[in-house]
Amino acid sequence: MITPLENIIIKTLCRLLIPFIQLFGLYVIVHGHGSPGGGFQGGCILAASFVLVVVAFDLPEAKRRFSEKLNNIFCSLGVFIYAWTGWMCLLLGANFLDYGILNKILPVNPVMARYYGMFSIEVGVGITVMAIMVSLFLDLVTGGKHEEALDE
Amino acid sequence: MIWQLDLILLPLVIICAIAAITVRDLFSATVLLGAFSFLMCMLWAEMGAVDVAFTEAAVGAGVSTAFFIAAVFVTTRRTKD
């Protein structure tokens, strides 16, 4: 569906722009608990950089850089980080996602333990949102034919 | 709240919304919906809801416009009704 563009301006501009978009997405995820932003917005920005790769180059090139299998692993890795943070709190004797108790295993006081708990939640949410958005975009762009799109 | 900014933004939001549902070309409707999302983002930032504005800019104007364009590519460009 998406044919490779032979336009040097678009390719060069996207090659320059994509690292900065991804750096901004990581900034939004990492600063999510202290300022506007967070895992959802940062994940969407990271997914938008992948969409830009598909638009500037073509689909096989984009899949060569970020394969479907790796995307599926990321998709469950974020949920794993989120759930594991919650379960760690549960195993240490507090409620689910009650981060303050994490100071028993982290060498910090409860306030900073809350800080790091929220940070790991944001990272998990960001990874999953990025993977799901990329998966949705690939589904839409190939019409549901995942791996056949590589052979075209 | 800055009422001068509201006076500029609100008619543009209404014009974009009405144009997006009346235009025949689906690609134009997608672009108008992106413009609507961006204007709503500016309106929310102006009202002080920075987090909502950020979400609207990232999801509404960024990713969902790309999704709609990808969906328009696999259907017909013009509406039949």
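**Cysteines and the chain contact**

Mentor: This is a predicted model. Start with Cys44(A): its sulfur lies 13 Å from the closest cysteine sulfur, which belongs to Cys41(B), and that is too far for a bond.

Trainee: What cut-off applies to a disulfide?

Mentor: The two cysteine sulfur atoms must be within 2.5 Å. Over all chains, the structure holds 0 disulfides.

Trainee: Is Cys44(A) buried or exposed?

Mentor: Cys44(A) is buried, at a relative accessible area of 1%. Cys75(A) is partly exposed, at 23%.

Trainee: How is the size of an interface given?

Mentor: Often as the accessible area lost when the parts come together. Here chain B and chain A bury about 1,200 Å² between them, and carbon and sulfur atoms give 86% of that area. On the chain B side, the residues losing the most area to chain A are Phe54(B), Val63(B) and Phe67(B), which together make up 41% of what that side buries.

Trainee: How many residues does each chain bring to the contact?

Mentor: Chain A brings 16 residues and chain B brings 13. Those of chain B that touch chain A divide into 11 nonpolar, 1 polar and 1 charged.

Trainee: How many salt bridges and polar contacts cross the interface of chain B and chain A?

Mentor: The rule finds 0 salt bridges there. For polar contact it finds 3 residue pairs, with both residues at pLDDT 80 or more.

Note on methods: Residues numbered from 1 in each chain as written. Chains lettered and ligands numbered in written order. Predicted model: local features only at pLDDT ≥ 70, side-chain atom pairs only at ≥ 80, totals over all residues. Heavy atoms only, no water. Buried < 20%, exposed > 50% of the residue type's maximum accessible area, 1.4 Å probe, protein only. Contact = heavy atoms within 4.5 Å. Buried area = accessible area lost by both parts, 1.4 Å probe. Salt bridge = Lys/Arg side-chain N within 4 Å of Asp/Glu carboxyl O. Polar contact = N/O pair within 3.5 Å; in protein donor to acceptor, adjacent residues only side chain to side chain. Nonpolar A, V, L, I, M, F, W, Y, C, P; charged D, E, K, R; others polar.
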